[in-house]
Amino acid sequence: MKDPELVLRQVLVAEIGVEGQERIERATARLPCEGLALEVAERYARGAGFGELVAAPKSEAPPLDEVEASLGSEAARSVLRGARAALGEVRAAIRAR
Amino acid sequence: MHAPRSGELAEVLLVGAGGIGAPAALTLVEAGVRSFVVVDDDTVERSNLHRQILYGEADVGRPKLEAFRDAVLRRAPDARVELVATRLVPETAAELVTRARVVIDAVDNFASRFLAADACWLAGRAAGARGVPVVHAAAVRWVATVISSSPGGRPCYRCLFEDLPGGDAPDCATAGVVGPVCGVAGALAAELALRILGRAPGEPYGQVYSYDGRSDRLRRVALRARKDCALCGDEGRIERIDEALYLGPSCAEGA
């Protein structure tokens with residue numbers, strides 16, 4: 001791991017661990033967001049320790065689910081979307097072989 | 001001027017400026033909220049940075065409150081931010097929660113979470129008093145949970161979680177958290193606070209939001225009031241802030 005102190009709490013999560021963290025650090029996070037959502041996604045992806053970040057076309061983003069679509073605040077939807085985008089890349093990275 | 005004017009209610013009292021408080025504040029500022037009271041007594045550590053997205057390397061070692069204020073003012077120079085360098089404790093909780101129109105509980109331990117719930121509900125019990133709505137947000141491992149309670153409860157946090165958990169609750173020092181899960185919790189907490197403030201459409205009360213980051217499943221479930229709730233039930237037993245109610249595992253839903 002490049003920076004064990006930075007990812008201390010993340011490595012404690014059983015499904016990630018040291019092996020998963022090393023996969024994250026070898027991976028590129030593709031973040032299909034823009035504006036505030038992209039800012040949030042990039043911040044979380046950097047914190048997770050991805051080797052590289054790439055802004056992907058928004059068309060690659062999953063559709064809004066019912067609960068996300070029901071949020072009345074555009075800011076809340078953006079922060080939620082950015083966090084979920086980063087999480088999606090964490091999931092993909094730790095499952096990669 | 002960087003604090004709410006004397007005698008003026010802030011819009012939001014944020015208890016905890018960490019993993020959930022940071023994205024909640026970011027959301028609120030982006031939505032136009034400009035008046036905060038913030039309660040925290042920690043300093044920024046490097047191990048915070050993977051999830052506490054308001055802070056950067058230059059903030060490590062600084063009081064979290066100062067880093068929080070600076071981050072908010074960079075985004076919104078007209079914001080007013082009052083800093084309260086303490087933890088939420090029984091001696092001061094009752095007064096603190098009355099300083100804002102809505103409280104966001106973004107703490108990292110069950111004792112403070114139950115204390116926030118009780119203090120907000122009890123604030124409305126005195127004759128002529130104004131109750132305080134509260135939004136509770138938690139994140140541990142892959143899971144985020146957010147609920148809100150009106151000033152009158154029914155339902156309230158204790159309708160769902162009754163009392164402090166026993167010794168087998170996840171420990172924040174050992175369970176860990178995936179950083180963006182805190183972002184989900186913070187965004188949802190801010191959404192409910194914005195609804196309470198009338199800044200976003202939608203019903204703010206009576207539902208539990210839960211998110212599982214392993215499946216990316218976000219759910220909203222109706223929360224029913226319990227008649228026998230110790231806080232807001234027909235014969236509620238909690239009538240004052242009693243320190244003995246908040247003894248127990250001090251560290252549980254780490255963020």
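Predicted model: local features only at pLDDT ≥ 70, side-chain atom pairs only at ≥ 80, totals over all residues.
## Two chains and their interface

In chain A, 65% of the contacts with a separation of 6 or more are made between residues 24 or more positions apart.

Chain A contains 5 helices and 2 strands, which follow one another from the N terminus in the order α-α-β-α-β-α-α. Its radius of gyration is 14 Å, close to the 13 Å that the globule rule gives for 97 residues, so chain A is as compact as a globular protein of that length. Chain A carries 14 positive and 16 negative side chains, with the centres of the two sets 3 Å apart.

Chain B is built from 6 helices and 8 strands, and from the N terminus on its elements run β-α-β-α-β-α-β-α-β-β-α-α-β-β. The radius of gyration of chain B is 17 Å, close to the 18 Å given by the globule rule for 255 residues, so chain B is as compact as a globular protein of that length. Among the contacts in chain B between residues at least 6 apart in sequence, 71% join residues at least 24 apart. Chain B holds 30 positive and 33 negative charges, whose mean positions are 5 Å apart.

| Chain | Span of the C-alpha trace along the principal axes | Residues counted as buried | Accessible surface | Carbon and sulfur share of the surface |
|---|---|---|---|---|
| Chain A | about 40 × 25 × 20 Å | 55% of 97 residues | about 4500 Å² | 50% |
| Chain B | about 50 × 45 × 35 Å | 59% of 255 residues | about 9600 Å² | 47% |

At the interface, 36 residues of chain A are in contact with 47 residues of chain B. The area buried between chain A and chain B is about 3500 Å², and carbon and sulfur atoms give 61% of this area. On the chain A side, A:Arg9, A:Arg43 and A:Tyr44 lose the most area to chain B, together making up 21% of what that side buries.

One residue of chain B can be followed in detail. B:Tyr205 is placed in the loop between helix H6 (179-196) and strand E7 (207-212) of chain B. Because its relative accessibility is 23%, B:Tyr205 counts as partly exposed. Leaving aside residues up to four places away in sequence, B:Tyr205 touches B:Pro133, B:Ser148, B:Ser149, B:Ser150, B:Pro151 and B:Ile196. B:Asn109 lies 96 residues from B:Tyr205 along the chain, and the C-alpha atoms of these two residues are separated by 23 Å.

Conventions: Residues numbered from 1 in each chain as written. Chains lettered and ligands numbered in written order. Heavy atoms only, no water. Helix = DSSP H or I, 4+ residues; strand = E, 2+ residues; numbered from the N terminus. Rg over C-alpha atoms; globule rule 2.2 N^0.38 Å. Buried < 20%, exposed > 50% of the residue type's maximum accessible area, 1.4 Å probe, protein only. Contact = heavy atoms within 4.5 Å. Areas by Shrake-Rupley, 256 points an atom, 1.4 Å probe, with all protein chains shown as cover. Lys, Arg positive; Asp, Glu negative; His and termini not counted. Charge placed at Lys NZ, Arg CZ, Asp CG, Glu CD. Buried area = accessible area lost by both parts, 1.4 Å probe.
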